[in-house]
Amino acid sequence: MVAVRAWAGTAGPLAAFRDYRPLQRTTSTFAGTIAHPRTIDGRMSDFAQTLIRWQRTHGRHDLPWQACRDPYRIWISEIMLQQTQVDTVIPYYRRFLARFATIDALAGAKLEEVLALWSGLGYYARARNVHACARILVAEHDGRFPALAEEIARLPGIGRSTAAAIAVFAFGARAAILDGNVKRVLCRHFGITGDPASSRVLAELWSRAESLLPAARVDVYVQAQMDLGATVCLRTRPHCGRCPLHDSCTARREGRTAELPSRRTRPPRPQRHRQMLVLRAADRRVLLEQRPAAGLWGGMLVLPDYDGEIDELAGWLAPRYGLRPSAVLALPPLRHAFTHFTLQISPWLVDVEETSRRLGESTARWADASSLDALPLPAPVRRILEGLAALNPLPAACAGAGRSG
Ligand code: SF4
């Protein structure tokens, strides 16, 4: 029997693109100072004009992907910025571009290296799609981005709004975007109710976004929408007092900023539990397994999962890896939130001895602590391993524990 102890340490149709010109008058229910977002003779709407003016003095101008027309750099930034804050993205963006300066360089890389540079940023399907997309661009587009948003949107992992942003910033196209920030601003400003993810509200938002699009300076306008959503019209506690749309905003006027956009009625996020094993050899290397290419953490290196009783570990390790546990230590539990569930992780540090060479038959491999930075590890796995590395000296896992039978 292996002795176990708890660790006491700390630790569709794409109508919005280049040649699109809205012709019909918008019949807005908005009762503010903007009577019609876009006039029928094509003059710029007050909404667009206000935002363009505001962006010049209050918008963001020094982000690393700005002041550049390179569709590759713009694409990488737009993908990284999905579901992720600017401050988090910047160091990842810089490292990624330093390693993969061109589409060709990215297409020629191994997926594992791409995932390693994405490690910690989350939503790893983005990295897999970026890699697949680069290979398609090289194979089918001579290593260049198509200029039309409709064509860009056919590439893997690039939706309609992202395609429009790339076309606008890289090729000067006239196309509407509708990311989460823009949806929030439009719902509040025009008092649009209903779930923004529903097809009805989504169609209304796209229609609104297209009708507001100015004929010129579209890049400034699109940047202004992004900036307003990210810095002023925040999800909680928007800064209405310094918002350029203050006077015309329905939600602000009616005191409904907290209820717009309407929240989806979601069931509570389910909890899942998983035991992860830090299988540590005498030379301090740990065992990592590669996940299948698709699905959760696809292609990443993870700690082996174990769903049995910890005192039955020996019977599980031997046939699977040819390993025998000599001591086991319970590490502090941690939580990791995914979009659709929360993962409760119970990590175990297990000192092991090799009894046979079974490893070659699995997707597992030994990794040295000094190589962790270069490996594609999901954030909680990295946290567990870095927590161990920070302990100096490493705790002996239940020194003197009896050997398992
Ligand atoms: S006034 Fe407030 S709610 Fe309305 S768009 Fe501006 S920040 Fe958002």
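1. Helices α1 and α11 are roughly perpendicular to each other, a label for angles of 65 to 115 degrees (under 35 is roughly parallel, over 145 roughly antiparallel, and the rest oblique). The angle behind the label is roughly 80°, and the axes of α1 (residues 46-58) and α11 come within 8 Å. Axes here are lines fitted to C-alpha atoms, for helices over the stretch in contact, with angles taken from 0 to 180 degrees between N-to-C directions.

2. Some ground rules. The model is predicted, with local features needing pLDDT of at least 70 and side-chain atom pairs counted only at pLDDT 80 or more, while totals for chains, interfaces and linings use all residues. Residue numbers start from 1 along each chain as its sequence is written.

3. The protein has 405 residues, of which 39% count as buried; buried means 20 or more other C-beta atoms within 10 Å of a residue's own, exposed means 12 or fewer, and partly exposed is in between, with C-beta atoms placed from the backbone. Its secondary structure comes to 14 helices and 9 strands. These are DSSP runs numbered from the N terminus (helices: H or I, at least four residues; strands: E, at least two).

4. Back to α1 and α11. On the α1 side the residues in contact are Ala48, Leu51, Ile52, Trp54 and Gln55, and these meet Val220, Tyr221, Gln223, Ala224, Gln225, Asp227 and Leu228 of α11. Contact means that C-beta atoms, placed from the backbone, lie within 7 Å. The classes are 8 nonpolar, 3 polar and 1 charged, where Ala, Val, Leu, Ile, Met, Phe, Trp, Tyr, Cys and Pro are nonpolar, Asp, Glu, Lys and Arg are charged, and the others, Gly among them, are polar.

5. Helix α11 also packs against α9, with axes 8 Å apart and an angle of about 80°. That makes α9 roughly perpendicular to α11. Asn181, Val182, Arg184 and Val185 of α9 make this contact with Gln225, Met226, Leu228, Gly229 and Ala230 of α11. By class there are 5 nonpolar, 3 polar and 1 charged residues.

6. How many residues of α9 are buried? The count is 10 of 11, so α9 is largely enclosed by the rest of the structure. The buried residues include Lys183, Arg184 and Arg188 as well as Val182, Leu186 and Phe190. They pack against α10 (199-212), α11 (218-231) and α12. After α9 comes glycine 191, with a positive phi near 65°.

7. The ligand is surrounded by 15 residues, and the closest are Cys233, Cys240, Cys243, Cys249 and Arg252. A residue is placed in this shell if its C-beta atom, placed from the backbone, lies within 6 Å of the molecule. Helix α9 gives the largest share, 3 residues, and both α9 (180-190) and α12 (250-254) supply at least two. The shell has 9 nonpolar, 4 polar and 2 charged residues.

8. A second pair of helices to look at is α2 (residues 71-80) and α3 (residues 86-99), whose axes come within 10 Å and cross at roughly 145°. Arg73, Ile76, Ser77 and Met80 of α2 touch Val89, Tyr92, Tyr93, Phe96 and Leu97 of α3. This contact has 7 nonpolar, 1 polar and 1 charged residues.

9. Some backbone angles deserve a check. Most residues other than glycine have a negative phi, and most peptide bonds are trans. Aspartate 142, in the loop between α6 (125-140) and α7 (149-152), has a positive phi near 60°. Aspartate 142 is exposed, having 8 other C-beta atoms within 10 Å. Arginine 284 has a positive phi near 75° and lies in the loop between β2 and β3 (286-290). With 13 other C-beta atoms within 10 Å, arginine 284 is partly exposed.

10. Which residues does a cis peptide bond join? They are leucine 260 and proline 261, and omega is about -5°. Proline 261 is in the loop between α12 and β2 (271-280).

11. Last, aspartate 373 is in the loop between β9 (364-367) and α14 (379-390). Aspartate 373 is exposed, with 10 other C-beta atoms within 10 Å. From aspartate 373 to glutamate 386 is 13 residues in sequence and 10.0 Å in space, C-alpha to C-alpha.

Terms used. Two residues are in contact if their C-beta atoms, placed from the backbone, lie within 7 Å.
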